[in-house]
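Hi there,

Here is the structure I promised to pass on. Have a look at it first, and my notes follow below.

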Amino acid sequence: MEDDARIIGLFEQRSEQAIAAVSGKYGGLCRSIAGRILSDTQDVEECVNDTWLRLWNAIPPCKTRFSGRVYYHCGTPSLL
């Protein structure tokens, strides 16, 4: 099973693997919830896909920052 921090890292890197990873971990749960509300399987899949798109847009891409003598890449500090 995927670690949530790794999945978030994939989203920050804008890797398409992020969608596969989050779908693998939470897809069944999301489909189950949507299926209780919606009767059509196509509507369920569309709802789940919309959820992944909203998640993709909600997690900003990773940016490298510089602070003094330390670079921060995706929140990980590296000394010069």
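Leaving aside its neighbours within four places in sequence, which residues is S15 in contact with? The answer is L10 and W56. S15 itself lies in the loop between helix 1 (4-12) and helix 2 (17-37). Is S15 buried or exposed? S15 counts as buried because its relative accessible area is 17%, and the cut-off for buried is under 20%.

Please keep in mind that this is a predicted model.

Now for the overall picture. The protein chain has three helices and three strands, and along the sequence they follow the pattern α-α-α-β-β-β. The chain has 80 residues, and 20% of them count as buried. Taking the contacts with a separation of 6 or more, 34% are between residues 24 or more positions apart. The chain exposes about 5,900 Å², with carbon and sulfur atoms supplying 54% of that area.

Next, the salt bridges. How many does a search of the whole structure find? There are two.

One joins the side chains of K25 and D4, at 2.8 Å from N to O. This pair links distant parts of the chain, since K25 sits in helix 2 and D4 in helix 1, 21 residues apart. Both partners are partly exposed: K25 has a relative accessible area of 23%, and D4 is at 33%.

The other salt bridge is between the side chains of E45 and R31, at 3.9 Å from N to O. E45 belongs to helix 3 and R31 to helix 2, so this pair ties together parts that are 14 residues apart in sequence.

- A negative patch is formed by D40, D43, E46 and D50. Within this group, E46 is found in helix 3, which covers residues 41-58, and E46 counts as partly exposed at 47% relative accessibility.
- A nonpolar patch of about 320 Å² is made by L29, I33 and I37. I33 lies in helix 2 and is partly exposed, with a relative accessible area of 42%.

Best wishes

Definitions and conventions: Residues numbered from 1 in each chain as written. Predicted model: local features only at pLDDT ≥ 70, side-chain atom pairs only at ≥ 80, totals over all residues. Heavy atoms only, no water. Helix = DSSP H or I, 4+ residues; strand = E, 2+ residues; numbered from the N terminus. Buried < 20%, exposed > 50% of the residue type's maximum accessible area, 1.4 Å probe, protein only. Contact = heavy atoms within 4.5 Å. Areas by Shrake-Rupley, 256 points an atom, 1.4 Å probe, with all protein chains shown as cover. Patch = residues over 30% accessible without salt bridge, like charges linked within 9 Å, V, L, I, M, F, W, Y side chains within 5 Å. Salt bridge = Lys/Arg side-chain N within 4 Å of Asp/Glu carboxyl O. Lys, Arg positive; Asp, Glu negative; His and termini not counted. Charge placed at Lys NZ, Arg CZ, Asp CG, Glu CD.
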